[in-house]
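I opened this notebook to keep track of what I looked up in the structure, one entry at a time. Please keep the structure in view while reading.

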Amino acid sequence: MQKPAFLLAAPSSNTGKTTLTLAILRILARRGQVVQPFKCGPDYLDTMLHTLAASPGGSGRQGRNLDTFMASERHVQDVFLRNADGADAVVAEGVMGLFDGSVRSEGSSASIAKTLGIPVILVVDAKGAAYSVAPLLYGFRHFDPGLRLAGVIFNRVNTRSHYSFLEEACHDVGVEPLGYVPRDESMTVTERYLGLNVSPDADQESAIEAMADHVMKTVDIERLLEICRVDIAPPPERQDVSVEGDRVIGVARDEAFNFVYAENLDILGRYGRIEWFSPLHDSRLPDADMLYFAGGYPELYAGGLQANSWMRHLVREYVEQGGVVYAECGGMMYLGNAMTGTSGLSYSMCGALDLETSMQDARLHLGYRKLDMSAAGYRQELRGHEFHYSRLERTGELENVAVVRSARDREVDTAVFRYRNTFASYVHQYWGDTPDFPGFLLQQR
């Protein structure tokens with residue numbers, strides 16, 4: 001079936017591609033179109049904003065990740081085709097620069113666009129530039145003959161007169177100009193130290209509305225949709241893993257815990273029923289076969305987490321009784337004894353794991369990860385991503401059951417801790433190509 005499908009990419013980070021992506025998603029949603037958003041790479045914050053932009057009123061499609069380091073090309077194609085099915089348009093946002101991958105261009109936005117057979121729209125920051133964009137566009141158009149660069153949109157353009165110089169450059173190198181975006185402070189989504197602010201009090205809705213209003217004035221949306229129509233095959237028949245399907249999986253979800261890959265939730269759903277619970281607000285745990293604590297910003301809600309002492313007691317009791325738990329990053333911090341905030345104040349956490357974490361003297365830990373958990377009995381390599389500022393201040397006698405390596409196969413000091421049937425790590429795992437891993441966890445009890 002033919003439909004508009006394209007990938008918004010840029011020469012580098014911080015050029016405005018997220019802003020433009022959110023605006024286009026909302027413009028299409030306003031028209032009553034079903035639009036499927038995707039994000040290249042491991043980012044779970046952008047996908048949350050994509051979901052909001054594509055779903056005014058909460059009725060649209062959920063943002064999905066496309067990442068050929070954390071999963072195979074075949075899996076990425078399957079995710080794309082399965083979720084593009086039934087959509088009127090498909091909009092993907094790239095990551096970093098167009099050709100930036102885990103190793104050279106491997107796993108880059110360009111490689112994903114080629115894997116999926118969709119064109120690229122380049123987003124170029126034109127502040128302080130005019131005809132000099134010509135060699136830049138020429139290079140991006142010709143560097144990889146297998147990539148289809150369909151057009152360009154310029155960001156931070158001063159005036160219509162400024163744009164006319166950029167148009168001349170486009171025509172001379174054979175790249176179609178599709179419009180420009182003038183600078184406007186009302187279009188900004190605020191940021192935090194891990195990326196864009198996704199908290200409920202950030203008023204992203206007003207920012208996205210302003211983005212859509214602004215972009216509609218100067219970007220040719222109709223032409224964009226016209227030149228990006230491609231044939232998209234129907235989704236392949238799904239080969240699900242064989243599971244019992246009658247388990248109950250408790251998943252933490254509230255303001256403090258919301259960094260999770262949609263595919264992970266889909267895979268957990270194959271094992272049974274997901275029951276959501278809030279470590280911040282609830283006074284009971286689900287009667288679950290497994291608990292999943294994904295990442296988030298627990299340090300920003302440490303006071304509330306500490307105040308909910310009954311929930312902390314229930315989690316600690318669940319762990320001590322041999323319940324199956326998987327906790328990653330912020331979830332691991334919550335399971336520890338204590339968490340120290342940037343102010344130096346220490347907050348009591350669950351005490352289920354003998355470790356303490358701190359936001360003081362914090363530095364960024366960032367990168368793709370390969371996990372060998374054969375010491376725990378799981379024989380397949382796991383893939384994931386590490387992205388945090390907090391640090392482990394103290395660990396007790398916890399067992400490390402993994403060897404963790406970077407994308408370039410350098411061993412890193414990140415651990416996967418095990419205590420009873422609880423596993424915890426700073427790594428956010430992606431289970432797209434390892435759907436039997438939750439089954440492995442469930443077998444521990």
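**Entry: around Leu335.** I started with Leu335 and, not counting residues up to four places away in sequence, I found that Leu335 touches Phe293, Val315, Val325, Ala327, Cys350, Gly351, Ala352, Leu353 and Thr422, where contact means heavy atoms within 4.5 Å. I note that this is a predicted model, in which local features need pLDDT of at least 70 and side-chain atom pairs count only at pLDDT 80 or more, while totals for chains, interfaces and linings use all residues. Residues are numbered from 1 along each chain as its sequence is written, and side-chain values use heavy atoms, with hydrogens and water left out.

**Entry: the cores.** I then looked up the largest nonpolar core, which has 92 residues, and Leu335 is among those with the most contacts inside it, together with Phe80, Leu98, Leu137, Phe154, Phe293 and Tyr334. A nonpolar core is here a set of buried Ala, Val, Leu, Ile, Met, Phe, Trp, Tyr and Cys residues joined through side-chain atoms within 4.5 Å, and buried means under 20% relative accessible area, exposed over 50% and partly exposed in between, with a 1.4 Å probe and protein chains only. Domain 1 (2–231) and domain 2 (248–443) both give residues to this core, so the core lies between them. I also wrote down a second, separate core of 32 residues, which includes Phe6, Ala150, Val181 and Ile221. In soluble globular proteins, nonpolar side chains tend to be buried together.

**Entry: the two domains.** The bounds of the two domains come from an automatic or database domain assignment. Taken over C-alpha atoms, the centres of domain 1 and domain 2 are 32 Å apart, and their contact takes 27 residues from domain 1 and 28 residues from domain 2.

Entry: Which residue does UniProt mark with the feature "active site"? The unreviewed entry places this feature at Cys329, and I kept in mind that UniProt positions are given in the numbering used here, that feature names are shortened, and that annotations may be inferred rather than shown by experiment. Cys329 lies in the loop between β16 (324–328) and α12 (330–335); helices (H or I, at least four residues) and strands (E, at least two) are DSSP runs, numbered from the N terminus. Is Cys329 buried or exposed? Cys329 has a relative accessible area of 6%, so I recorded it as buried. Leaving aside neighbours within four places in sequence, Cys329 is in contact with Gly295, Phe387, His388, Ser425, Tyr426 and His428.

**Entry: the sheet of seven strands.** I traced an open sheet of seven strands in the order β13-β11-β14-β16-β27-β26-β23, with mixed pairing, where two strands pair if DSSP finds at least two bridges between them. β13 (272–277) and β23 (399–400) stand at the edges with a single partner strand each, so one side of each is left without a neighbour in the sheet. Strands β26 (residues 416–419) and β27 (residues 422–425) run antiparallel and are joined by four bridges; Phe417 stands opposite Ala424, and Val416 has Ser425 as its bridge partner. These two strands form a hairpin with two residues between them, and Arg420 in the turn has a positive phi of about 55°. Helix α9 (residues 262–270) lies across β11 (247–252), β13 and β14 (290–293), and runs at about 125° to β13; axes are lines fitted to C-alpha atoms, for helices over the stretch in contact, and angles run from 0 to 180 degrees between N-to-C directions.

**Entry: helix α4.** How many of the eight residues of helix α4 (residues 109–116) are buried? Seven are, and so the helix is mostly covered; the buried residues are Ser109, Ala110, Ser111, Ile112, Ala113, Thr115 and Leu116. They pack against β1 (2–9), β2 (35–40), β3 (64–66), α3 (73–84) and β5 (120–125).
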